[in-house]
Amino acid sequence: MGIGELVWDLLPGGRQLGGAPVNFAYWCSRLGAEGYPVSAAGNDNLGQEAFEQLAGTGIDLSYMQRNALPTGRVNVTLSGKGIPEYDIVEGVAWDALEADAETLGLATQADAVCWGSLAQRSEVSRKAIAAILRATRPECLKVFDINIRQHWYNREIVTASLRQADVLKLNEDELPLIASLLDIGKSGTEVIAELIRMFSLRYVIYTAGADHSEIHSAEGLLSHIPTPKVEVADTVGAGDSFTAAFITSLLQGDPIAACHRKAVETAAKVCTIHGAIPRRP
């Protein structure tokens, strides 16, 4: 299950449905798992359109919520290399996420749960996410895709989530930010090793954009794969599909190297399409 934001990315070429946890759940479902997005949309036209588009993908929407706030929107601009920059609208439906009985029931059955820092910007949703995580079984794989956006994070949110996590996903921009935020006076792989030690993490998934990605554990670097060269439409949702592919393969019992390879291949394909969730799967 992916918990957090549901947004319309308002791209230069038109709007695309996304939000990291929803993207994660969608790609898990595409890769053979049962993916459940846990988020909220408004009782507005964008909310209705979001539900209709997600329903068309075949993903289970039983745990999606509706409320009186507007549906989430993100104004996205792209650099010359297709790299997105985000202006995330505040006070939207997923800022009022609820940990209702149905969602808590799903959490007790989940094999993996993925969440990030952005969806915790409001106290209401932060408390709901914490309650959902508390409801999971000890063997549930807890994945913190830190997903730092704008100023929507702080030391308290990041530390509390890392204490819950088994797996941390972060990229080359987020690594130095976290090192500074947590006063880790090291750099590069030393920061990753320290994060694993401090928070007893099983794995750290580290992506370095067009260059490479890595999987780390307490044993050190487990896998390093150069990023494939593809014709990039945009990179929106690529990291989320990477995480989904790695976690899905891990739950299926694949070796770490195979999990990593699947993640790299999936993310590369997503980079060749516009947006995170294609209108026609």
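This is a predicted model: local features need pLDDT of at least 70, side-chain atom pairs count only at pLDDT 80 or more; totals for chains, interfaces and linings use all residues.
View 1. Helix α1 covers residues 20–30 and helix α8 covers residues 238–251, and their axes lie 8 Å apart at an angle of about 45°. To trace the contact yourself, look on the α1 side for Ala20, Asn23, Phe24, Trp27 and Cys28, which meet Asp240, Ser241, Thr243, Ala244, Ile247 and Thr248 of α8. Six of the residues in this contact are nonpolar, four are polar and one is charged.

**View 2. The largest nonpolar core has 94 residues.** Within this core, the residues that touch the most other members are Met1, Ile3, Leu54, Leu168, Leu195 and Phe246. Helix α8 is the top contributor to the core, giving seven residues. In soluble globular proteins, nonpolar side chains tend to be buried together.

**View 3. A closer look at Leu54 and its neighbours.** Setting aside residues up to four places away in sequence, Leu54 touches Leu6, Leu17, Val22, Ile59, Leu61, Met64 and Ile277. Leu54 is also one of the core members that touch the most others.

**View 4. Ser117 sits in the loop between β9 and α4.** Strand β9 spans 112–115, and helix α4 spans 123–135. Ser117 counts as buried because its relative accessibility is 0%. Beyond its neighbours within four places in sequence, Ser117 is in contact with Phe144, Asp145, Ile146, Asn147, Ile148, Trp152, Tyr153 and Ile157.

**View 5. Asn147 has a positive phi.** Here we meet one of the contact partners of Ser117. Asn147 is placed in the loop between β10 (141–145) and α5 (155–164). Its phi is about 50°, although Asn147 is not a glycine. Most residues other than glycine have a negative phi. With 8% relative accessibility, Asn147 counts as buried.

**View 6. Asp183 also has a positive phi, and is exposed.** You will find Asp183 in the loop that runs between α6 (174–181) and α7 (189–199). The phi of Asp183 is about 55°, and this residue is not a glycine either. Is Asp183 buried or exposed? Asp183 counts as exposed because its relative accessible area is 61%.

Technical notes:
Residues are numbered from 1 along each chain as its sequence is written. Side-chain values use heavy atoms; hydrogens and water are left out. Helices (H or I, at least four residues) and strands (E, at least two) are DSSP runs, numbered from the N terminus. Buried means under 20% relative accessible area, exposed over 50%, partly exposed in between (1.4 Å probe, protein chains only). Contact means heavy atoms within 4.5 Å. Axes are lines fitted to C-alpha atoms, for helices over the stretch in contact, and angles run from 0 to 180 degrees between N-to-C directions. Ala, Val, Leu, Ile, Met, Phe, Trp, Tyr, Cys and Pro count as nonpolar, Asp, Glu, Lys and Arg as charged, and the others, Gly among them, as polar. A nonpolar core is a set of buried Ala, Val, Leu, Ile, Met, Phe, Trp, Tyr and Cys residues joined through side-chain atoms within 4.5 Å.
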